[in-house]
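Subject: Structure for you to look through

Dear colleague,

I am handing over the structure below, together with notes on what was found in it. Please keep it open while you read, so that each residue can be looked up in turn.

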Amino acid sequence: MSEPLTEQKRKPRILSGMRPTGRLHLGNLMGALDNWIKLQDQYESYHCVVDWHMLTTDYAETADLQDNIWQMTADWLAAGLDPVKAAFFVQSRILEHAELHLLLSMITPLGWLERVPTYKEQLENIKDRDIHTYGFLGYPTLQAADILIYKADAVPVGEDQAPHIELAREIARRFNNFYGPIFPEPKTRLTPTPRLPGTDGRKMSKSYNNAIYLSDAPETVWKKVSTMITDPARKRRTDPGNPDICPVFDLHKVFSDQPIIDRVNRECRTAEIGCIDCKKLMVEGLNRRLAPIQQKRREYEADPQKVWDVLDDGTVRARKVAQETMGEVREAMGLVRK
Ligand code: TRP
Ligand code: SF4
């Protein structure tokens, strides 16, 4: 017998998650959002605002959490994620995530968690707060619950998250071995990430204070870019430079048209173009990219409730799937009286 039509027609599913850090910057756009937008036609998409994950590190500072959720979701919408095609929702609104996290924690060996590279790294790097907590160690198990509860076929992430998805696969396998085949093993769908430097040349990041935000007005963008570091060899206007080591050129490669990129690549080396003019050209391309995003964002700023409505609607859609899965999980684990 053939499968029911709805099963046959089901698009593969993706689940993605982002920590609610507030307004998004260019690195978030190129590193994740743009990719999600490309995938939303091919996949049944679920986009989760992972506020509980935020608490694993920022548990002591929650005053801005709701505003950060709003700001980030507004940027998702402004950038072109479509809330009709994809379900947007807040993790903590779907309690089933917590239930699955608890159940998965029973079968997740401690060694698997301690071996996750981001775990040791963060323990070493984060010194301004104490993350030697139960919750922080369990971060990847919570992430596995986010993914598995939707039976996601794939998870679009950057390279740094690949070990977490691998762990989710291992947890799914272990679960299926104990209790029967409930969870598909999610694939990692690696996002190609161009190197996107911040204004100081380091990786663009909110915590480095070097980010250009999607919602930065043209004046703000220019203020940030005009002080951006360039090839230090160009002390005077007449000194030739090397675009290959200049962060401004990295941004050209992402935001400028090919003829401009070619011209800068040539004229920087011969000192025909100065850094100020070069930056102006880059900012033109960048603002051209940001203008429609900012225009769309204004719609939501004028009526903030719209963003909450999108999250409410997405929550209803996501919860339905999560509840279905949890019904199967409870039964498979022997938690239901027959
Ligand atoms: N750990 C991810 C990050 O820091 C966020 C995240 C939480 C996530 N749950 C997820 C990503 C599920 C993908 C799928 O970026
Ligand atoms: Fe960088 Fe442009 Fe200056 Fe060359 S001209 S050093 S690419 S800012």
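Leu196, once its neighbours within four places in sequence are left aside, is in contact with Leu26, Gly27, Met30, Lys203, Met204, Leu251, Val254 and Phe255, where contact means heavy atoms within 4.5 Å. Leu196 is found in the loop between β5 and α11; helices (H or I, at least four residues) and strands (E, at least two) are DSSP runs, numbered from the N terminus. With a relative accessible area of 8%, Leu196 is buried, a word that stands for under 20% relative accessible area, whereas exposed stands for over 50% and partly exposed for the range in between (1.4 Å probe, protein chains only). From Leu196 to Gln295 there are 99 residues in sequence and 24 Å in space, C-alpha to C-alpha.

Before going further, please note that this is a predicted model, in which local features need pLDDT of at least 70 and side-chain atom pairs count only at pLDDT 80 or more, while totals for chains, interfaces and linings use all residues. Residues are numbered from 1 along each chain as its sequence is written, chains are lettered from A and ligands numbered from 1 in the order in which they are written, and side-chain values use heavy atoms, with hydrogens and water left out.

The loop between β5 and α11 also holds Asn209, and the phi of Asn209 is near 60°, a positive value in a residue other than glycine. Is Asn209 buried or exposed? Asn209 is exposed, with a relative accessible area of 73%. Asp216 lies in the loop between β5 (187–190) and α11 (218–226), and Asp216 is buried at a relative accessible area of 5%. The side chain of Asp216 makes a polar contact with the side chain of Lys224 at 2.7 Å; a polar contact is a pair of N or O atoms within 3.5 Å, and within protein one must be able to donate a hydrogen and the other to accept it, while residues adjacent in sequence count only if both atoms are side-chain atoms. Leaving aside neighbours within four places in sequence, the residues in contact with Asp216 include Arg23, Leu290 and Gln294.

Next come the ligands. Around ligand 1 are Leu15, Gly17, Arg19, Val50, His53, Tyr139, Gln143, Asp146, Ile147, Val155, Val157 and Gln161, each with a heavy atom within 4 Å of the ligand. Which distances separate a nitrogen atom of ligand 1 from an N or O atom in the side chains of Gln143, Asp146 and Gln161? The distance is 2.9 Å for Gln143, 2.8 Å for Asp146 and 3.0 Å for Gln161.

Ligand 2 is surrounded by Thr230, Asp231, Arg234, Cys246, Val248, Val264, Cys268, Cys275 and Cys278. By class, this shell has 6 nonpolar, 1 polar and 2 charged residues, where Ala, Val, Leu, Ile, Met, Phe, Trp, Tyr, Cys and Pro count as nonpolar, Asp, Glu, Lys and Arg as charged, and the others, Gly among them, as polar.

Two residues of that shell can be followed further. Thr230, found in the loop between α11 and α12 (247–255), counts as buried at 18% relative accessibility. Leaving aside neighbours within four places in sequence, Thr230 is in contact with Cys246, Pro247, Val248, Cys275 and Lys279. Arg234 is found in the loop between α11 and α12 as well, and Arg234 is buried, with a relative accessible area of 10%. The side chain of Arg234 reaches the backbone oxygen of Asp239 at 2.7 Å, and a polar atom of that side chain lies 3.0 Å from the backbone oxygen of Arg237. Arg234 and Gly274 are 40 residues apart in sequence and 8.9 Å apart in space, C-alpha to C-alpha.

With neighbours within four places in sequence left aside, the contacts of Arg234 include Ala271, which is placed in the loop between α13 (258–267) and α14 (275–302). Ala271 has a phi near 60°, a positive value in a residue other than glycine, and Ala271 is buried, with a relative accessible area of 14%.
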